[in-house]
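Reader: I am new to reading protein models. Could you take me through this one step by step?
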Amino acid sequence: MTQYHSHLALSPPKSQPMASLSGGAATTSRLLPSASRVRLSVCSASFSLYLASSSSYSPSSLKCLRFPPLSPLIFKDQKRSSMSTVAAASDAAQLKSAREDIKELLKSKFCHPILVRLGWHDAGTYNKNIEEWPKRGGANGSLRFEIELKHAANAGLVDALKLIQPIKDKYAGVTYADLFQMASATAIEEAAGPKIPMKYGRVDVSVPDECPEEGRLPDAGPPKPGDHLREVFYRMGLDDKEIVALSGAHTLGRSRPERSGWGKPETKYTKNGPGAPGGQSWTAEWLKFDNSYFKDIKERKDEDLLVLPTDAALFEDPSFKVYAEKYAEDKEAFFKDYAEAHAKLSNLGAKFDPPEGIMLDGVAGEKFVAAKYSSGKD
């Protein structure tokens, strides 16, 4: 997703960092769906959403995680030679156990936004015009490498890795590519969002040299927001309906101006957290997944709620507006289209082993075929 925004995560323009969506661990149960209201960890932290580019962690929060900056634990794979063998398919039993651990992590840290963003940013580098894996980018675990983490659009995502690295260490039979996408989908579901029809078995890239070049993720404030969103998402093989549906994930998180250049320092919705107080959210209940993002952008009655140029474009562009109006009125329609778009995004560029993928819930996910998205022309 936290949060970002091309809806994968918009990268900041060269002159300023990107907007950060943040969610966090803390004290305010009114923001959470009732099923998620549990006792928060004394180690509180706030996190940025998938479209966000800056971290919402406070220094004290990072101490609680007991990971030094740019931990060798996270970057340990970077020392592999180019002759290393890529990871095999994930183990189904370990995938199920890892998912339960992710749910517990979400309950204690309320890091839904940054985990959504982690999955989106790993998958959102996909280029449909390149068929060769891993050059085509996409969901291949490359975001674990420092060289890609240093891309401007990925600022703060090292914090997401620090959160889920213990789960990866516990379940060696789960690839990073699968873990990133599982964390993103589970975060949506646990925030009261729709069930995402996921499949697993994504193969990891092996070395930093296989990371995509910088510049494939979207910006938050481009000169022509609608054109920019299409340029980025069409390159991935996504259409206008999917662009608008995925934009709805902005219902989660908040932006911090001191980190991103976007939003207010504090609003009535963020001054008390959860997590480190402050920032500006897109919605009043910014840790609950629903269709309020579309309602709030349409009405624009509350100055305490954030609207980025790429958000406003959804109701200004004639084609986008058809779907934005629909989702503002019909939450079920939004949930249906979002679940399908999220699942498709999570498969982009992935190399599956076995080719049909691994199903955990008896629900078949979309069968990814690189040629399906590759025209070789546009």
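Author: Let us start with terms. Axes are lines fitted to C-alpha atoms, for helices over the stretch in contact, and angles run from 0 to 180 degrees between N-to-C directions. Helices (H or I, at least four residues) and strands (E, at least two) are DSSP runs, numbered from the N terminus. This is a predicted model, in which local features need pLDDT of at least 70 and side-chain atom pairs count only at pLDDT 80 or more, while totals for chains, interfaces and linings use all residues. Residues are numbered from 1 along each chain as its sequence is written, and side-chain values use heavy atoms, with hydrogens and water left out.

Reader: At what angle do H4 and H7 pack?
Author: Helix H4 (residues 112–123) packs against helix H7 (residues 176–190) at about 135°, and their axes are 8 Å apart. The two helices are therefore oblique to each other; angles under 35 degrees count as roughly parallel, over 145 as roughly antiparallel, 65 to 115 as roughly perpendicular and the rest as oblique.

Reader: Which residues of H4 and H7 make the contact?
Author: Contact means heavy atoms within 4.5 Å. Among the residues involved are Leu 115, Leu 118 and Trp 120 of H4, together with Phe 180, Ala 183 and Ile 188 of H7.

Reader: New topic: how many aromatic pairs are there?
Author: The structure holds ten aromatic pairs. Rings of Phe, Tyr and Trp (its six-membered ring) pair if their centres lie within 6.5 Å; planes under 30 degrees apart count as stacked, over 60 as edge-to-face and the rest as tilted. One of the pairs is Phe 289 with Phe 335, which is tilted, with 5.7 Å centre to centre and 55° between the planes.

Reader: Where do Phe 289 and Phe 335 sit in the chain?
Author: Phe 289 lies in the loop between strand S4 (280–281) and helix H11 (292–299), whereas Phe 335 belongs to helix H14 (residues 331–347), so the pair links parts of the chain 46 residues apart.

Reader: What about Thr 270, buried or exposed?
Author: Thr 270 counts as buried, at 0% relative accessibility.

Definitions and conventions
Buried < 20%, exposed > 50% of the residue type's maximum accessible area, 1.4 Å probe, protein only.
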